[in-house]
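Try each task before you read its solution.

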Amino acid sequence: MTHTHSHSDPHPGTAVIVEQLTRRFNNGPPVLDGLDLAIAPGEFVALLGHSGSGKSTLLRTLAGLDPVTDGAVTRPREVSVVFQEHRLLPWKRVWKNIVLGQEDKGIRQRAEAVLEEVGLSHRSNAWPLTLSGGEAQRAALARALVREPAFLMLDEPFAALDALTRLKMQQLVADLWKKHGCAVLLVTHDVDEALLLADRAVVLERGRIRVDVPITIPRPRRHSDPGFEGLRSLLLDALGVHAA
Amino acid sequence: MSDAITLTGPYKTAEAKGKTRSLRTLVSIRRYASPLVLVCLWQVACSLGFLSTRLVASPLQIVVTGWTLVRDGTLPFNLGVSLLRAGSGLGLAITLGVALALISGLSRIGEDVVDAPLQILRTLPALALVPLYILWFGIGETPKILLVAVGAMFPIYLNLHKGIRSIDPKLVEMASTLGLSRWQTIRDVFLPGALPDFLTGLRYAVGVSWLMLVVAEQVNAESGIGHMMMDAQDFLRTDIILVGLLVYGVLGLMSDQIVRFLENTLLAWRPDGRKGRSA
Ligand SMILES: Nc1ncnc2c1ncn2[C@@H]1O[C@H](COP(=O)(O)OP(=O)(O)OP(=O)(O)O)[C@@H](O)[C@H]1O
Ligand SMILES: [Mg+2]
């Protein structure tokens, strides 16, 4: 099923289509300026860009949190978002947070199953404020996955985690993506993270996708892969960081 | 290393354990010792005639009078009347305060309509309304209950309103991405999120209720603890007045304990360090 904001003509074989999306705040300069982007079903896309380039704005529009005022967005109805902060309700136990808003009989089992997937079964009954940063982010991931989204958006989900936890979480996301097969848009500042996880990396600059590179390195990937070097300097160049 | 500090828990080594325990007993003895000594001094002063019983009754006399008042039914009757007034007033205050706070907290129009007048009204001292109340409602139960209700409504309203308004918008956003309906968002996000502030308001409201009740019952009443005390004044019975004070004290203490208990059970999700923070 597709969800259309102002455009009706879902292209077959495409999960997400953004056409000529323009977004400005308070009549200022456009943050997104005629942006085009298409994501295939099951495709993993990493979205890179400077701070303030509009990555979160694009994501919020895709999530339906911001209105589409100019342009068109087509996306599946079932989408999930994970933000940099876990955004768990502190007054609901972890498993209740996972199935928030779902009210049928099987919720407890579904919650337990998905918590098992993210390795958090033992914290199912805990209060969110007692979780560690990594655990909370796993719970947020579980809450996103339990809805079986066709399109998963991740806005710097690991940015606040320590390096070691981040590596584990990246591995977890890779596994979960393989299993669930949903399309993913991952916003990140970490070029290596993009290379490790994504099928394609796109760089947002001055309101548009300026660089769009496929990452064809075979999976499972490791940070030490020799194929990384060329892509890494290409992306760093696109971000205006010149690797020595 | 002169500016280094060591943070230790109360239970470290066996030796330290013994030490802290004796220290704690000492502290608690000291806490109770001082009031006890004062009461003894008070009793001695009364027995030796330094303190006239016209000014203040002796502790022993208070106990005896208290027991008499319980036995002849005066105290239970007046206590019942007072509790009923405070309870109805507080109940009305909670109903009104919660309803108004929900209206003004959950909708912009509601805020414009409800909040502005209430913010103006709250600056009026509730006790200044007593003469008007007597004019409007006479001297029956209505003015007393209303006085309690109006006084106690403001802390409930103000705190709950603030609680609803200060819900993290990120959580509300999350609820919307999860597809929660408006009602589900109110039930799962707004209400539980505002509960700590509501309970803070409740604590104040309970205190205000007793205050309002004391005034209402001392200004015009045929029954109630306040009336009992005013009656005693005419007969110079300081012992009865002091029994009334004691009852007010115990009531205040008990209601505070109830609210604290509510906080500890309903806010179990807060980490230990923050529990009873507003105690
Ligand atoms: N609600 C808003 N009102 C006004 N300006 C906004 C609003 N939201 C975002 N902006 C502006 O839009 C621009 C893009 O913001 P956005 O959050 O999308 O950047 P980002 O690429 O996600 O940055 P970061 O990597 O730091 O998260 C910024 O200049 C920001 O100030
Ligand atoms: Mg951002």
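**Exercise 1.** Find what Ser82(B) touches, and decide whether Ser82(B) is buried or exposed.

*Solution.* Step one, list the neighbours: leaving out residues up to four places away in sequence, Ser82(B) touches Leu213(B), Glu217(B), Gly224(B) and Ile225(B). Contact here means heavy atoms within 4.5 Å. Helices (H or I, at least four residues) and strands (E, at least two) are DSSP runs, numbered from the N terminus. Step three, check the cover: the relative accessible area of Ser82(B) is 1%, so it's buried. Buried means under 20% relative accessible area, exposed over 50%, and partly exposed in between (1.4 Å probe, protein chains only).

A quick note before going on: this is a predicted model, where local features need pLDDT of at least 70 and side-chain atom pairs count only at pLDDT 80 or more, while totals for chains, interfaces and linings use all residues. Residues are numbered from 1 along each chain as its sequence is written, chains are lettered from A and ligands numbered from 1 in the order in which they are written, and side-chain values use heavy atoms, with hydrogens and water left out.

**Exercise 2.** Work out how chain B meets chain A.

*Solution.* Start with the contacts: 18 residues of chain B are in contact with 19 residues of chain A. Next, the area: the two chains bury about 1,800 Å² between them, 67% of it on carbon and sulfur atoms. On the chain B side, Met174(B), Leu178(B) and Trp269(B) lose the most area to chain A, together 33% of what that side buries. Buried area is the accessible area (1.4 Å probe) that two parts lose on being put together, summed over both. Last, the charges: there are five salt bridges between chain B and chain A. One of the salt bridges joins Arg60(A) to Glu173(B), with the closest N and O atoms 2.8 Å apart. A salt bridge is a side-chain nitrogen of Lys or Arg within 4 Å of a carboxyl oxygen of Asp or Glu.

**Exercise 3.** Describe residues 119-139 of chain B, then look at Trp136(B).

*Solution.* First, the record: a UniProt annotation from an unreviewed entry, "transmembrane region", covers residues 86-107, 119-139, 145-160 and 235-254 of chain B. Such positions are given in the numbering used here, feature names are shortened, and annotations may be inferred rather than shown by experiment. Second, the fold: residues 119-139 of chain B are 52% helix and 0% strand, with end C-alpha atoms 29 Å apart. For residues 145-160 of chain B, the figures are 100% helix, 0% strand and 22 Å. Third, the tryptophan: Trp136(B) lies in helix 5 (residues 130-137) of chain B, and with 55% relative accessible area Trp136(B) is exposed.

**Exercise 4.** Which residues of chain A have a positive phi without being glycine, and where do they lie? Asn27(A) and Arg87(A) are the two to examine.

*Solution.* Take Asn27(A): phi is near 60°, and the residue lies in the loop between strand 2 (16-24) and strand 3 (30-39) of chain A. Asn27(A) is exposed, at 74% relative accessible area. Now Arg87(A): phi is about 55°, in the loop between strand 6 (79-82) and helix 2 (94-98) of chain A. Arg87(A), though, is buried, at 8%.
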